[in-house]
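Subject: Structure handover and findings

Hello,

Here is the structure we talked about passing on. Please open it beside this email and follow along.

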Amino acid sequence: MGASRSSGTTDELGPDEDPGGGPPGCSADPGSAAGEDGIPGAPAGSELLAALLDGMDAALCAFDADGTVTHWNREAERVLGWSAEEAVGRSGFAGWAVRRADADEVRARLMSAMDAPGRQVHEFALLRKDGGRVLVRTQSAGVRGADGKPAGVYCAFSEVHARIDLERAIALSEALLEDASWGVVLVDVDLRPTVVNAYASRALGGGRTTLLGRPLGELVTHGVEELEAALHHVLAEGAPSAPAELWVTLRTAEGERRRCWRSGFLRLASPLTEEPVPLGVGWLFRDVTADRLAEQEADRLRFRTSQLHRAARTASECEDPMEAATSLLDFALAGFADHVLVDLVAGERLVRTVATPFDAPGPCLLVAGGSIPVRYDPGHPALRSVERTGTVRTSAAAGDAGSAAWATERRWPRDAAHALCAVLRSRGRTLGVLTFLRAANRAAFERPDTAYAETVAARVAGAVDLAQVTAER
């Protein structure tokens, strides 16, 4: 081993040390223009080794066969405070780096590595130059001379808490990348996944290896722009102060799935450079789709309940029952549909009685001269609702969602793409049918929408029934 910190020690440990500062047979003339390899201007072997030892992240010292300190690098000086000039040449650690009461035990355990195979690991309490104690973990191994005989021991050591911190960091990273209960994806500077844990692979719908190196756009069909923008921001500006919720649509073997991911981001930088060099982004996320859908449904239910309450209070102040019916429908339309139609039974036909404007949003009004039957073709959703005495939901085909022909054929406004027909029933009689319509830019009616529409239809049917009774009297 070469001398550390120009201590004048040699490249070879043991009793055959060359006092000139180099291994046996090597020149130690400081004025020599060539290194040990005969290359002009190259550093001598002892100088090169000293530089390597001083550049190590671990504290390192070495002892010859008699237990005398022969090497001491800069990290050892940082940990214990003793310089190489103060350490090299001392016999063991007794009286300066170890308490005298512990010196014999420490020396015996360290020097035992000279005759033992492999490395030995120990923990000692060493003394700092300022008198403080520090617990270190050592790895020691024997050094043999050119003749193969034991020549000394080298010992690498580090503070136990630093070692434990490192082990914790490694254990944490392994746990995150294996069986964490949230997704972890490491993305390189080109925004391609490089590491994916088990949770993330399930969420993204692929294997842990098949996802690596693929552009995010191949995995996410909608929402990838927002995700990539967040990753770019982290690379440029650093991690955001709070998690973000991203709605994305995934392409899977079963079709497209819309998911909500609560995401946090960390910029990854190399710890081995003086200035941080970005290595990519650590993306941690958890699927909160079920929670968000439940919250949306709860908000929707609260709003609709509030609208029904306000509608009932307004309708109670109307003298004309049909005015009460149109007021109920105006409140029901808010946030629920774009158009509403009321067709009442007149013999064998349905007569359009109440409607919102076909060409633009507007209030629900009575149809002037509403006595002309609506020319619905057989099998029309409104007719089926009356025949079944139930609710019918329908939508334009996927390719015709924006087509006006589908709505025109059914005598509905041209922008209609989704319909819900609820029968009007009062006192055991079918009075007509209530139709709610949505444009193509909105979602189709679902089961929860059916329950709300039927509630509105029951109240409208009561008002219509009262209007008919009043008109007969």
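T389 sits in the loop between α10 (381-388) and β15 (392-395). Helices here (H or I, at least four residues) and strands (E, at least two) are DSSP runs, numbered from the N terminus. The phi of T389 is near 55°, a positive value in a residue other than glycine. T389 counts as partly exposed because its relative accessibility is 39%. The cut-offs: buried is under 20% relative accessible area, exposed is over 50%, and partly exposed is in between (1.4 Å probe, protein chains only).

Two notes before the rest. This is a predicted model, where local features need pLDDT of at least 70, side-chain atom pairs count only at pLDDT 80 or more, and totals for chains, interfaces and linings use all residues. Residues are numbered from 1 along each chain as its sequence is written, and side-chain values use heavy atoms, with hydrogens and water left out.

R427 and its partner

R427 also has a positive phi, about 55°, although it is not a glycine. R427 lies in the loop between β16 and β17. Its side chain meets that of D465 in a salt bridge (2.7 Å, N to O). D465 is in helix α12, so the pair ties together parts that are 38 residues apart in sequence. A salt bridge here is a side-chain nitrogen of Lys or Arg within 4 Å of a carboxyl oxygen of Asp or Glu. R427 is exposed, with a relative accessible area of 61%. D465 is buried, at 5%.

Other salt bridges

The structure holds 21 salt bridges. Two further pairs are worth a look.

- K129 pairs with E86, with the closest N and O atoms 2.7 Å apart. K129 is in the loop between β3 (120-127) and β4 (133-144), E86 is in helix α3 (residues 84-87), and the two are 43 residues apart. K129 is partly exposed at 45% relative accessibility, and E86 is partly exposed at 27%.
- D449 pairs with R304, with the closest N and O atoms 2.8 Å apart. This pair links helix α12 to helix α8, across 145 residues. Both D449 and R304 are buried.

The largest nonpolar core

A nonpolar core is a set of buried Ala, Val, Leu, Ile, Met, Phe, Trp, Tyr and Cys residues joined through side-chain atoms within 4.5 Å. The largest one has 35 residues. L329, L424, L434, F436, V456 and V460 touch the most other members. Two or more residues come from each of α8 (289-315), α9 (321-333), β12 (339-346), β16 (416-426), β17 (429-439) and α12 (447-472). α12 gives the most, with nine residues.

What does L434 touch, leaving out residues up to four places away in sequence? Its partners include L329, V340, L420, A453 and V456. A second, separate core has 28 residues, among them L80, A97, V98 and V153.

α8 against α9

These two helices pack at an angle of about 160°, with their axes 9 Å apart. Axes are lines fitted to C-alpha atoms, for helices over the stretch in contact, and angles run from 0 to 180 degrees between N-to-C directions. α8 and α9 are therefore roughly antiparallel to each other (an angle over 145 degrees). Q307, R310, A311, A312, T314 and A315 in α8 meet A324, S327, L328 and F331 in α9. Contact means heavy atoms within 4.5 Å.

Best wishes

Conventions
Parallel < 35°, antiparallel > 145°, perpendicular 65-115°, else oblique.
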